[in-house]
Number of protein chains: 2
Amino acid sequence: VRVVNVPLGHRSYEIKIGSDLLASLGNECARLKLGKRCAVISDTNVAPHYATFVRRTLAKAGFESALITVPAGEKAKSLKTLATCYDQLAVHRLERKSFIVALGGGVVGDLAGFVAATYLRGIGFVQVPTTLLAQVDSSVGGKVGVNLKAGKNLVGAFYQPRLVLCDLDTLKTLPEREYVSGLAEVIKYGIIYDAALFGKLEHSLPELTKRRTKILGSVVARCCEIKAEIVHQDETESGVRALLNFGHTIGHGLEAISNYGKYLHGEAISLGQLVAAKLSSRLIGLPTDDARRIARLFERAGLPTRLKLKGSERSRLLAAMRLDKKVSGGELRFVLARRIGKTEFGHSVPAAELEELLSQST
Amino acid sequence: VRVVNVPLGHRSYEIKIGSDLLASLGNECARLKLGKRCAVISDTNVAPHYATFVRRTLAKAGFESALITVPAGEKAKSLKTLATCYDQLAVHRLERKSFIVALGGGVVGDLAGFVAATYLRGIGFVQVPTTLLAQVDSSVGGKVGVNLKAGKNLVGAFYQPRLVLCDLDTLKTLPEREYVSGLAEVIKYGIIYDAALFGKLEHSLPELTKRRTKILGSVVARCCEIKAEIVHQDETESGVRALLNFGHTIGHGLEAISNYGKYLHGEAISLGQLVAAKLSSRLIGLPTDDARRIARLFERAGLPTRLKLKGSERSRLLAAMRLDKKVSGGELRFVLARRIGKTEFGHSVPAAELEELLSQST
C-alpha cells in the first residue's frame, strides 16, 4: 500500500493506494473515529459491483450505513439530485458526527462531497474513487460541487475528505472508454509539473493500457503526490493550483455546449489540452517537439485529438468559456506550457487568437 | 458609529452600527477592494424600501449591481429559491471576485450567505441586516443556509461576511411584530452571557420598545460584541458557540411542526427559552427568582409566553427535535441556565422529563 499525505493542518488526510483496499474501509473509518451512522453515495453503475461489499465492511467495523444510489453520468451532478440526497440523509437521521462515503467516479465524489460539505453545515466525508480519473484527480484536493445549466461546477465548495481510498482493483472493471478518459488527467500531470512522469508515460503506455497493477500503483501515487503538493501550496486556487486547470477552460466549454452528453470529461480535456498546447506554441514558445510529443501521447492513449467545430458551435463554445469560473474582469485566462513539465497560469489570451485557432480544422 | 471587530484571522471583519449607514455602503465595499460586479439579494418586503438607494450608493462607488428579489418569509430559505438565485448570478455573469449584498432580515441573510458560500465555490459577501433579529444575531458569525422540509437550516455552511452594516434607521420601518420578535434574541444574550445586559434591558425596555436610536445603538452593539466573542472562541460550534442555541432546539421544533407559518423565529425561541428555563430550574437549580424575571421580561416585551400543545402536536414536536442538528447519538442535548448570565451547554435531557413539562399547560 502506498500512502500519500495531503498536508493541510488539522484537515490533513491520507490517500491510500493499492490492491484489495476496499476490505479495509470499515477499519479505516473506525481509526478516524467517525460517528456510527453513515451514508454510502454511489451510482447505478458502481453500486451493483461494490455497494454490498462496502456496506458489509462498514457493518463489520460497527457502522450503520444507508445506501443512496444516484443515476450514473454527469447529469447527476445537479441541484435536483442534490435535493434527493439531502432528503435521504434526513430520512436516515444522519447527525453532525455521521459521515458520507463517496463510492464511484468523479461525479459521485463531487456530488457526495458537496452533500457532505453542506449537510448540517458539514459532516465527515470519505472518498472511495473507483475510476482512474477520480483516483488521480477529482477525489483529491477538496473541490466538490454540482453543475448548473449555465456551466459546470458553478456551485460548490472547498471541502476536504478525511481519507481517500484508491483500490486499484476497481479499475479492472472500468469500461475501456472510461479508463482511457482517465489517462487524459494522468498525462496532464506530466505536462504541467513533471517531465520525468511524462517520459515514463511515453515509455510505459502499453503496460498502463493493460492496467497492470504495478505501473498503475506507481503512476496513480505520483499523480496524487503532485496534486497534494499543489493543493498544499494553494488550497483555494488563488495561485499555483490553477495549473491543474491546464486544458480545462476549453474542456469545460466543450462539455457544456454538448450538454455533458458527447464527451467524457477526459476526452474533453484531451482536446482542451491540445488547443492549450497550440496556444502555448504561438504565445510563449512551447517547442514544436514538445507540442508534437504531447499530441502523440494523447493519440497513442486512444484519446480524441481532432476538434471540428461549426461556426455556431464556436460561438457557443466561446460564450460558455466566458461563464467559466476562471474568468476575471471578463477576460479569458489560460494555463500555458513553456515546455513539458513547466506551465504557467494567468496568461490572458485575446479572444481573436483563440477564435482563429478554433476555426482551423485540426 | 460603533464598530465591533470579529477576530477570525485573515477572515476577520467589522460590524458597523449606527444611523444613516446605508449611504456609506458603496465606499465600504470599495475599501474592501471587492470586484466590480455584485448582486443585491433582497425580498419583496425590503427591496421596495431600500434597494434603489442601496444600488445607487454602489453605483456611485463604481460597482455594477444586479437586483435579485426573493419572496418575503421563511419559505424563501428553500432549495428552490436557491436555484433561482444561482441562475440569476449566471445570467449576470458574476465572477470569482464579484460579491453579494444581503439586504434584509435573517432569511435573506441566511439564503444570500449560502448563495455566496457556494457560488463558484465561494464569493465575497456583505451583510446589510434590516431587522433587529438579523442585526443582533443572524448576520454575525457566518452561519448560513436553507431549510429542508425535514427541518430548519439542515443545509448550510460556515461562511463569514466581509462586512456587516447595521443601519439602525432601517429598524424604524419594521412592523411591530417583527421588531418584538427580534427582542427575543436580545434578551437571550442577557440570559446566556451577561447579567448586566439583562438588567439594562429590564430597566430600559420602554425606551427600547420605542426604538430610540441611543438605546438601540448600545444594545445592538453589546449583542454583537457578545456574539463576536463567542464566535471568535468557537467558529464552527464544537463547544461554547452552542450557548447561542439557548431555547433554539424547542424553538426550531415549534417552527418546523407549524411549517414555519405560525410563529416568527423570535416568538418560537421566546417559548423555547421559557421551556429551557423551566428545565433549568428542575435539573440544575436555576433560582426561582431568575426564572420569574426571565418570564416577566419576555412578557413585558410582548413576546408569547404560553405554549399549549395537543398530544399529537407534542409527539410531532419531539420527533422534529430529534432531527435537530444538535442531536448526538440520538440523545437530546440542551443549553441550560444556572443563573441569569451563566449558561451551560451539552446537558442531556431525558425525553420523559421534556414530555412531561410540555404536557403541562403553562
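Contact is taken here to mean heavy atoms within 4.5 Å. The structure is a predicted model, in which local features need pLDDT of at least 70 and side-chain atom pairs count only at pLDDT 80 or more, whereas totals for chains, interfaces and linings use all residues. Residues are numbered from 1 along each chain as its sequence is written, chains are lettered from A and ligands numbered from 1 in the order in which they are written, and side-chain values use heavy atoms, with hydrogens and water left out.

Two residues of chain B illustrate the interior. B:F246 is placed in the loop between α8 (213-233) and α9 (248-257) of chain B, helices being DSSP runs of H or I with at least four residues and strands runs of E with at least two, numbered from the N terminus. B:F246 has a relative accessible area of 0% and is therefore buried, a class that requires under 20% relative accessible area, while exposed requires over 50% and partly exposed lies in between (1.4 Å probe, protein chains only). When residues up to four places away in sequence are not counted, B:F246 touches B:K188, B:I191, B:I192, B:Q273, B:A276, B:A277, B:V335, B:L336, B:A337 and B:T343. The C-alpha atom of B:F246 is also separated by 8.2 Å from that of B:I269, a residue 23 places apart from it along the chain. B:D110, in turn, belongs to helix α4 (residues 106-118) of chain B and is buried at a relative accessible area of 10%. With the same exclusion of residues up to four places away in sequence, the contacts of B:D110 are B:K77, B:S138, B:K143, B:V144, B:G145 and B:N153.

The two chains meet through 35 residues of chain B and 34 residues of chain A. The size of an interface is often given as the accessible area lost when the parts come together. Between chain B and chain A the buried area (the accessible area, 1.4 Å probe, that two parts lose on being put together, summed over both) is about 2,900 Å², of which carbon and sulfur atoms give 57%. Two salt bridges are counted between chain B and chain A, a salt bridge being a side-chain nitrogen of Lys or Arg within 4 Å of a carboxyl oxygen of Asp or Glu. B:R96 forms a salt bridge with A:E237, the closest N and O atoms being 3.3 Å apart. On the side of chain B that touches chain A, at least two residues each are supplied by α3 (79-91), α4, β7 (143-148), β8 (151-158) and α12 (311-322) of chain B. Of the elements on this side, β8(B) gives the most, with six residues. By residue class, the side of chain B that touches chain A divides into 18 nonpolar, six polar and eleven charged residues, where Ala, Val, Leu, Ile, Met, Phe, Trp, Tyr, Cys and Pro count as nonpolar, Asp, Glu, Lys and Arg as charged, and the others, Gly among them, as polar.

Over all chains, the count comes to 50 salt bridges. In one of them, A:D194 pairs with A:R222 at 2.7 Å between the closest N and O atoms; because A:D194 lies in the loop between α6 (176-193) and α7 (195-209) of chain A and A:R222 in helix α8 (residues 213-233) of chain A, the pair ties together parts that are 28 residues apart in sequence. A:D194 is buried at 11% relative accessibility, whereas A:R222, at 24%, is partly exposed. In chain B, the side chains of B:K152 and B:E255 meet in a salt bridge of 2.7 Å, N to O, which links strand β8 of chain B to helix α9 of chain B across 103 residues. Both partners are buried, B:K152 at 9% relative accessibility and B:E255 at 2%. In chain A, salt bridges that share partners join A:E74, A:K77, A:D110, A:K152 and A:E255 into one network.

For A:C166, the nearest cysteine sulfur is that of A:C224, 4.9 Å away, and A:C166 is buried, with a relative accessible area of 0%. For B:C29, the nearest cysteine sulfur, that of B:C38, is 6.9 Å away, and B:C29 likewise counts as buried at 0% relative accessibility.

Note on methods:
A disulfide is a pair of cysteine sulfur atoms within 2.5 Å.
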